[in-house]
Amino acid sequence: MRSSTSLKDSQKLTAARSESTATSAVVETAKKTLADEYILQLKTQNAHWNVEGPMFFSLHKLFEEQYEKLSEYVDRTAEVVRALKSPAPGSFEAFKDLSALQEFSDGKISAESYVGALSQDHTNMAIALKSRLELAEDAEETSCVVLYEDLISFHEKAAWMIRSHNAGTR
Ligand SMILES: [Fe+2]
């Protein structure tokens with residue numbers, strides 16, 4: 001009797017431990033997502049301000065729509081991090097440590113380079129989020145799952161819309 005009780009207790013403990021490991025992996029990737037989305041928002045805003053050339057108007061407008069959308073996702077992601085009972089990182093220093101995205105340099109950048117770099121960033125984000133989504137699904141963190149599904153659709157569409165500006169130029 002005693003041994004079966006302690007077996008059950010140890011099974012419960014193991015389950016609780018693996019649950020907390022799964023949740024902490026979800027928290028870490030949610031923080032990474034917050035940092036990625038914030039840096040991508042800044043990069044998109046940078047491109048909105050500085051893009052030049054024959055595609056100026058349509059890229060300027062497209063980047064504006066995209067950084068506004070990214071700003072909404074940044075806020076949603078931070079709220080998911082808080083709902084996972086973790087403080088949300090909120091400094092450029094923390095975001096640069098957490099994210100693998102490369103910021104633009106301050107020199108002159110061609111419209112084609114903005115298009116190439118940002119469409120690649122959106123594609124990379126959609127790929128990264130698919131594995132982060134699996135972690136969130138395994139941990140049954142529903143609000144995180146819904147956020148990542150929305151983000152994947154957004155990034156795939158954004159990559160396509162930006163990439164279309166370079167169609168026919170190569
Ligand atoms: Fe503007």
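The model is predicted.

**Exercise 1. Elements and domain**

Determine how many helices and strands the protein has, and in which order the elements run.

Solution. 
1. The protein contains five helices and zero strands.
2. Read from the N terminus, the order is α-α-α-α-α.
3. The UniProt record, an unreviewed entry, places the domain "Ferritin/DPS" at residues 32-165.
4. Over residues 32-165, 78% of the chain is helix and 0% is strand, with 29 Å between the end C-alpha atoms.

**Exercise 2. Overall dimensions**

Compare the radius of gyration of the protein with that of a compact globule of 170 residues.

Solution. 
1. For a compact globule of 170 residues, a value near 15 Å would apply.
2. The protein has 20 Å instead.
3. The C-alpha trace spans about 80 × 30 × 20 Å along its principal axes.
4. As for burial, 31% of the 170 residues count as buried.
5. Among contacts with a separation of 6 or more, 78% are between residues 24 or more positions apart.

**Exercise 3. Packing of α4 and α5**

Work out whether helices α4 and α5 are roughly parallel or roughly antiparallel.

Solution. 
1. Two packed helices are described by the angle between their axes and the distance between the axes.
2. Helix α4 covers residues 111-138 and helix α5 covers residues 142-163; their axes are 8 Å apart, at an angle of about 160°.
3. Angles over 145 degrees count as roughly antiparallel, so α4 is roughly antiparallel to α5.
4. The crossing of α4 past α5 is left-handed.

**Exercise 4. A residue within α4**

Classify A128 as buried, partly exposed or exposed.

Solution. 
1. A128 sits in helix α4.
2. Within 10 Å of A128 there are 19 other C-beta atoms.
3. A buried residue needs 20 or more, and an exposed one has 12 or fewer; A128 is therefore partly exposed.
4. A128 and A139 are eleven residues apart in sequence, and their C-alpha atoms are 17 Å apart in space.

Terms used: Residues are numbered from 1 along each chain as its sequence is written. This is a predicted model: local features need pLDDT of at least 70, side-chain atom pairs count only at pLDDT 80 or more; totals for chains, interfaces and linings use all residues. UniProt positions are given in the numbering used here, feature names are shortened, and annotations may be inferred rather than shown by experiment. Helices (H or I, at least four residues) and strands (E, at least two) are DSSP runs, numbered from the N terminus. The radius of gyration is taken over C-alpha atoms; the globule rule is 2.2 Å times the number of residues to the power 0.38. Two residues are in contact if their C-beta atoms, placed from the backbone, lie within 7 Å. Axes are lines fitted to C-alpha atoms, for helices over the stretch in contact, and angles run from 0 to 180 degrees between N-to-C directions. Angles under 35 degrees count as roughly parallel, over 145 as roughly antiparallel, 65 to 115 as roughly perpendicular and the rest as oblique. A crossing is left-handed if the near helix is turned anticlockwise from the far one by less than a right angle, and right-handed if clockwise.
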